[in-house]
Amino acid sequence: MSCSMLCRLAFAGFAATTFTTHALAHCFVGARFFPATLVTDDPCVADEMSIPTVAWSKIADVPPATQWDIGVDFSKRITENFGVTVSQDWTQIRQPDGTVTSGFGNLETTFQYQVLKERSHELAILAGLIVDWGHTGSTGSGFADTFSHLTPTIYFGKGFGDLPDSVSWLRPFAVTGQVGYQVPTNSFDFIQNVFIPQQLVYGASLQYSMPYLKSEVIDLELPDFFNHLIPIVEVSLTTPVSNNFGNPYTTTGTVNPGVIWVGSYFQVGLEAMIPINRESGSGVGVIGQLHLYLDDMFPTGIGQPLFGGTSAPPRKLTF
Amino acid sequence: MRILISAVPSLLAALTATAAWAHAFLDHAEPRVGSTTATAPRELVLHYTQNLEPAFSSVEVSDANGARVDLGKPTISASTMRVGLKALPPGTYRVRWQVLSVDTHTTEGSFTFHVKQ
């Protein structure tokens with residue numbers, strides 16, 4: 001049994017928001033550390049690797065099929081403020097009758113420029129262009145398109161560290177988000193005989209940093225494990241906005257509550273994936289990720305920008 | 001893919017075997033972050049998760065009016081930074097620190113502690 005049209009559309013939406021946007025960054029802004037989020041992106045360029053990101057879900061097919069996604073990506077700073085991420089994912093869909101289809105998605109590259117890092121307000125802004133290269137994946141099995149997608153995207157992150165002392169318990173909160181406009185290089189899919197919509201691809205996270213609570217607000221002398229946790233809720237959405245003739249303008253996506261454990265050289269994240277509607281999936285899925293901080297693992301090697309990383313002497317620290 | 005999956009536990013084991021953080025995070029402080037002390041401390045001690053570069057690490061302590069109450073240049077040994085304090089009357093004091101770890105990563109932070117009335 002081949003994947004139905006609904007299944008393919010759901011997968012395309014899911015892939016657009018999940019496995020095509022997790023360029024990663026080890027992100028310090030003032031006292032704030034923004035962890036690498038699982039289904040959206042954090043607002044920094046960095047030298048990092050996610051190996052792997054694994055997701056399990058039941059897609060919006062009737063009856064629902066089971067889907068596994070395994071993704072790998074590698075982020076490298078070219079200069080201090082400009083970085084490139086290369087991402088690849090593999091998907092398997094198992095139908096209720098046991099039929100299995102699998103294949104690679106298109107290769108994706110993300111070019112990002114750090115527009116702003118404002119330390120005192122824990123504010124970071126990043127501009128990027130996500131390029132999903134057509135015909136580089138398993139187009140025959142329907143997991144990759146024969147055309148490319150271009151998604152100019154703005155990312156932001158804001159920590160609440162500048163809140164007044166009277167609400168100091170809220171300071172460990174932070175929000176991150178991204179808004180992108182996805183444009184396909186073809187407007188009509190002659191294989192499926194459907195228009196290819198332009199889409200708004202957007203998402204956000206709300207996170208509470210236990211490391212921040214301990215070092216900036218109050219040391220509760222909790223067991224060390226808890227001081228490394230960042231509880232988080234992510235939302236990842238896609239909305240068709242044009243060239244969608246004959247199809248509903250339905251927003252699809254998931255709400256992902258979970259937690260990230262932040263370590264010395266890596267982090268581990270685990271989230272539930274709750275579809276926001278029937279078109280987004282059937283039941284709760286799970287996503288997990290092991291994420292490596294290359295800049296900490298290899299601070300004088302691959303963890304440096306290719307250009308300009310070691311030429312500048314350490315700055316004299318001033319307040 | 002099988003190779004990848006089998007490599008993950010080994011990678012995790014290798015990573016968790018490393019004791020120190022690469023960025024220098026504040027592990028704990030004396031007086032503790034956000035704490036209230038019954039008596040005025042004569043010294044502030046900051047313990048980090050990574051050894052520090054003394055030339056590029058600093059700390060200052062100020063009172064509620066912003067006046068410095070530390071005794072100046074801190075002493076740094078390995079992952080610990082100390083600075084003497086003036087006689088502190090009851091009140092709230094803010095600590096601001098910036099450090100450079102030996103692997104060249106910079107981190108910073110601030111917190112308050114209170115001296116009881």
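Modeller: Strands are DSSP runs of E with at least two residues, helices are runs of H or I with at least four, and both are numbered from the N terminus. This is a predicted model, in which local features need pLDDT of at least 70 and side-chain atom pairs count only at pLDDT 80 or more, while totals for chains, interfaces and linings use all residues. Residues are numbered from 1 along each chain as its sequence is written, and chains are lettered from A and ligands numbered from 1 in the order in which they are written.

Most peptide bonds are trans, and most residues other than glycine have a negative phi. His135(A), which is not a glycine, has a positive phi of about 70 degrees, and it lies in the loop between β8 (123–132) and β9 (149–159) of chain A.

A residue is buried if 20 or more other C-beta atoms, placed from the backbone, lie within 10 Å of its own, exposed if 12 or fewer, and partly exposed in between. Pro43(A) is buried because 28 other C-beta atoms lie within 10 Å, whereas His135(A) is exposed because it has 12. Two residues are in contact if their C-beta atoms, placed from the backbone, lie within 7 Å. Leaving aside neighbours within four places in sequence, the contacts of Pro43(A) include Cys27(A), Phe34(A), Ala124(A), Tyr155(A) and Thr176(A). Gln198(A) lies 155 residues from Pro43(A) along the chain, and their C-alpha atoms are separated by 24 Å.

To place some of these contacts, one more term is needed: a nonpolar core is a set of buried Ala, Val, Leu, Ile, Met, Phe, Trp, Tyr and Cys residues joined through C-beta atoms within 7 Å. The largest core has 29 residues, and Leu46(B), Tyr48(B) and Val99(B) are among those that touch the most other members. Its largest share, 5 residues, comes from strand β7 of chain B, residues 91–100. A second, separate core of 12 residues includes Phe28(A), Val29(A), Phe34(A) and Tyr155(A), and Phe34(A) and Tyr155(A) were both named above as contacts of Pro43(A).

Chain B itself has 1 helix and 8 strands, and buried residues make up 32% of its 117 residues. In the loop between β1 (26–30) and β2 (36–37) of chain B lies Pro31(B), and the bond from Glu30(B) to Pro31(B) is cis, with omega near 0 degrees.
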